[in-house]
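The following exercises are to be worked with the sequence and the coordinates at hand. Each task is followed by a solution set out in steps.

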Amino acid sequence: MGPKTTRVYETLRARLASGEYAPGTKFPSERALAEELGIGRTALRQVLARLVSEGALEVRGRSSYQVPGAVSVTTPEGLKPWRIRGQRDVYDNPWVKLQLWDVEPPGVKRFEHHVVMLHHVAITAVLDEQDRVLMMWRYRFVPQQFGWELPGGIVDEGEDPADTALREVVEETGWRPKSLEHVMTYQPMIGMVDSPHEIFIARGAEQVGSPTDAEEAGHIEWVPLSDIPGLMARGQLMGSGTLVALLHILASRGKPGVTPAR
């Protein structure tokens, strides 16, 4: 980074360290920061990317950032990662890849571990002004049961996950979100499966037509958030992405610095 970029980085790092921006709150926009600090948007994005890599900021959507929430636990130090000596394909098709990885955990003899490579996925919880969430009642043949799900699908190669999130909501429900916020990225089966899941929250939507994805669409309904604990207890919420998104919404309601669902 050049002198000006370094100065902006140090300024923002000092502000974050001093608590000027409260934990869990939205960070100023790129436009506002560029105007205030006298820096171009391209150079500013280098600064913001470094702050994200250091854990000082979190990405919350396209050109949108948030200060991480406050935590009391400290990150353990001194632990060593596993060493990956190599990997080989066992089975591969457009939907799933099975590999064997040659791994060596610290202090343990190296061995081969199965790894399943699946697709990158984006899932969206769309909320309205009546504290309801847009959901689909669908049949899943693997567990052989019906249940409620949030719209979502596979991120195409080179596609922005936010674009995937918007596209899948429209295709599967016929509703187009008015806003979109990235909440988190997580792995649903971290011990053996690689399938990054992106969770988005949308607020408000307009109906633009009927669902166009005949295979994925089901019965569409705006479900009250107050029903979510009961549906969970009945085992009618399908998929980890649906659970993660809805639990995030319920846990965030009423917290300082967190936008409520309504």
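**Exercise 1. A loop residue**

At 25% relative accessibility, valine 96 counts as partly exposed. The model is a predicted one. Determine where valine 96 is found and which residues valine 96 touches, not counting those up to four places away in sequence.

Solution. 

Step 1. Valine 96 belongs to the loop between strand 3 and strand 4. These two strands form a hairpin, with 4 residues between them.

Step 2. The class follows from the cut-offs: buried means under 20% relative accessible area and exposed means over 50%, so valine 96, at 25%, is partly exposed.

Step 3. With residues up to four places away in sequence set aside, valine 96 touches Tyr91, Val116, Met117 and Leu118.

Step 4. For a separation across the chain, take glutamine 207, which is 111 residues from valine 96 along the chain; the two C-alpha atoms are 34 Å apart.

**Exercise 2. The sheet around the hairpin**

State in what order the strands of the open sheet of 4 strands are arranged, and explain why strand 3 and strand 12 each have one side left without a neighbour in the sheet.

Solution. 

Step 1. The order in this open sheet is 3-4-5-12, and the pairing is mixed.

Step 2. Strand 3 (83–92) and strand 12 (193–194) stand at the edges; each has a single partner strand, so one side of each lacks a neighbour in the sheet.

Step 3. Strand 3 pairs with strand 4 (residues 97–104) in the antiparallel sense, over 8 bridges.

Step 4. Glycine 86 has aspartate 102 in strand 4 as its bridge partner, and aspartate 89 has glutamine 99 in strand 4.

**Exercise 3. Helix 1 and its two packing partners**

Two packed helices are described by the angle between their axes and the distance between the axes. Describe in these terms the packing of helix 1 with helix 3 and with helix 2, and identify the residues that make each contact.

Solution. 

Step 1. The axes of helix 1 (residues 3–18) and helix 3 (residues 41–53) come within 10 Å and cross at roughly 40 degrees. Helix 1 is therefore oblique to helix 3. The crossing is right-handed.

Step 2. On the side of helix 1, this contact involves Thr5, Val8, Tyr9, Leu12, Arg13 and Leu16; helix 3 contributes Ala43, Leu44, Gln46, Val47, Leu48, Arg50 and Leu51. By class, the residues of this contact are 9 nonpolar, 2 polar and 2 charged.

Step 3. Helix 1 and helix 2 (residues 30–37) pack at an angle of about 115 degrees, and their axes are 12 Å apart. The crossing of helix 1 and helix 2 is right-handed.

Step 4. Here Arg7, Val8, Thr11, Leu12 and Arg15 of helix 1 meet Leu33, Glu36 and Leu37 of helix 2. The contact of helix 1 with helix 2 has 4 nonpolar, 1 polar and 3 charged residues.

**Exercise 4. Two further residues**

Is leucine 134 buried or exposed? Which residues is serine 240 in contact with, leaving aside its neighbours within four places in sequence?

Solution. 

Step 1. Leucine 134 lies in strand 7 (residues 132–140). Its relative accessible area is 1%, so leucine 134 is buried.

Step 2. Residues up to four places away in sequence are not counted; leucine 134 then touches Val126, Leu150, Pro151, Val169, Thr173, Trp175, Ile220, Glu221 and Trp222. Between leucine 134 and valine 52, which are 82 residues apart in sequence, the C-alpha to C-alpha distance is 31 Å.

Step 3. Serine 240 is in helix 6 (residues 240–252). At 31% relative accessibility, serine 240 counts as partly exposed.

Step 4. Apart from its neighbours within four places in sequence, serine 240 is in contact with Tyr186 and Pro188. Serine 240 and tryptophan 101 are 139 residues apart in sequence and 26 Å apart from C-alpha to C-alpha.

**Exercise 5. The chain as a whole**

How many helices and strands does the chain have, and what does its C-alpha trace span along the principal axes?

Solution. 

Step 1. The chain has 6 helices and 15 strands.

Step 2. The C-alpha trace spans about 60 × 55 × 35 Å along its principal axes.

Step 3. Of the 262 residues of the chain, 37% count as buried. Among contacts between residues at least 6 apart in sequence, 58% join residues at least 24 apart.

Notes: Residues numbered from 1 in each chain as written. Predicted model: local features only at pLDDT ≥ 70, side-chain atom pairs only at ≥ 80, totals over all residues. Heavy atoms only, no water. Axes fitted to C-alpha atoms, helices over the stretch in contact; angles between N-to-C directions. Parallel < 35°, antiparallel > 145°, perpendicular 65-115°, else oblique. Left-handed = near helix turned anticlockwise from the far one by under 90°. Contact = heavy atoms within 4.5 Å. Nonpolar A, V, L, I, M, F, W, Y, C, P; charged D, E, K, R; others polar. Pairing = 2+ DSSP bridges. Buried < 20%, exposed > 50% of the residue type's maximum accessible area, 1.4 Å probe, protein only.
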